[in-house]
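Here are a few exercises to work through with the model open beside you. Try each task before you read its solution.

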Amino acid sequence: MSEEWDLKICCMGAGYVGGPTMAVIAAKCPKIRVCVVDLSQKQIDAWNSPDLPIYEPGLPAVVEECRGRNLFFSTDIDAEIKAADIICISVIDAEIKAADIIFISVNTPTKTMGIGAGRAANIKNCELCARKIAQVSESDKIIVEKSTVPVRTAEAVRRVLECNEKGLKFQVLSNPEFLAEGTAIPDLMKPDRVLIGGVQDEAGLAAADKLVSVYANWVPRDQIITTNLWSSELSKLVANAFLAQRVSSINSISALCEATGADISEISRAVGKDARIGNRFLNSSIGFGGSCFQKDILNLVYLCETYGLKECAEYWNQVIIMNDYQKKRFSEKMVSSMFNTVTGKKIAILGYAFKKDTGDVRETPSMFVVRDLVLEQARVHVYDPQVKREDMWIEMEYTVHMSEATHPGLEEAVTTSPDAYTACADAHAFAVLTEWDEFKDLDFQRIYESMAKPAFVFDGRNLLDHAKLRKIGFEVHAIGKPDPNKFSDL
């Protein structure tokens, strides 16, 4: 080990988890050398530029502080693996290179074909990382799973590593991430907990202690939880499943509110005051999105099915069914409210990312609404302050199998606008699908005057002041909110 550094860490994968996590470790541990490796030269070039490949508040300042000092980004994977002591895997495909600690943080998408298609996680990238580590390493190492993986993935990684012909010893740990996009930097700086799972023998406990010592540079020791490997791997799936369950639960009630005249915001406030329940994740919306919730629940469903737990699988699958229902219900309400047709009508979509403060469009609910409107032959104009048009098409083709090739005219049917006012000009309706703060401060009088009449508003995040909008002249429809045109006794 170099006298200059206490440890060297290598992270395989330069994505949403690997990049921010390694940046914070570098910031909090100046005596640890951190290198993030990835097979994508484009991704690494972006990390080495002022224009980072992901949008995350606070991230540029952290990267700028450490980059070139003890934080590096590279595509020279083999050399970094040889230099590393601990391995942690973090994005797509194999990428390990310069460091004394190596994290594996690669993409584990839901399988699209074969056994378990549509539910099981594809851990191909984790296996590729393990094979690359075994091939390149020249000394014993600690391998850390950072990716969200099915239970007992660590066993598969361990078996691959043990097949090395050099007599090397590898300890495999599980260290799942609990980041929320948009707040990833505060989540890393002051985490609720850090979870580390390892084999419960002398070597495994020693490996876990070594990783504990890294986080202990800034995380209080009583917030660093150590468990066995399998509990750690399953805990991440369960945490996301519980959060998604709350979203689907409150969304199911939003439909009942619209049918009865109750107000979902008042329901959430009343229920959230119960200390046993709490008020987090009780805001009704068009549904959850992102890379984790749906993937992890489907993974959990598949695990339950694999072990013959049919009732458990059906229980958790209902969370997904409710989420799909909420998105479809919103699209159908838009069409039915606008005289049962949106053909040829311009409709503005405000927000395409799956949540505010991120440019991530994976599984975003907005995509499903846009798809439904396009199929209804609407002219859709999208504005989002962080989402690139290219990313919209990539995700739309991958998730809903819609592209110019499969749906000729798609490129013309969907316009990306430079701002909200341009998107709304001459539109018959606008829909708020991402809760960007800037949408609350728009000049709605100006927007109303620029729109076709009647001017419809569909608030999929309950972000706006509906009474103010109605006073201006808008016809407003919102998730879980009673319609004044339907109820006279509100």
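**Exercise 1.** Work out which helices each supply at least two residues of the nonpolar patch.

Solution. Start with the members: Ile253, Leu256, Ile267, Val271 and Ile277 make a nonpolar surface patch of about 360 Å². Patch residues have over 30% relative accessible area and no salt bridge, with nonpolar side chains (Val, Leu, Ile, Met, Phe, Trp, Tyr) joined within 5 Å. Next, the helices: α9 (229–260) and α10 (264–272) each bring in at least two of the residues. Helices here are DSSP runs (H or I, at least four residues), numbered from the N terminus.

The model is predicted: local features need pLDDT of at least 70, side-chain atom pairs pLDDT 80 or more, while totals for chains, interfaces and linings use all residues. Numbering runs from 1 along each chain as its sequence is written, and side-chain values use heavy atoms, leaving out hydrogens and water.

**Exercise 2.** Is isoleucine 267 buried or exposed, or something in between?

Solution. First place isoleucine 267: it sits in helix α10. Its relative accessibility is 30%, so it counts as partly exposed (buried is under 20%, exposed over 50%, partly exposed in between).

Definitions and conventions
Patch = residues over 30% accessible without salt bridge, like charges linked within 9 Å, V, L, I, M, F, W, Y side chains within 5 Å. Areas by Shrake-Rupley, 256 points an atom, 1.4 Å probe, with all protein chains shown as cover. Salt bridge = Lys/Arg side-chain N within 4 Å of Asp/Glu carboxyl O. Buried < 20%, exposed > 50% of the residue type's maximum accessible area, 1.4 Å probe, protein only.
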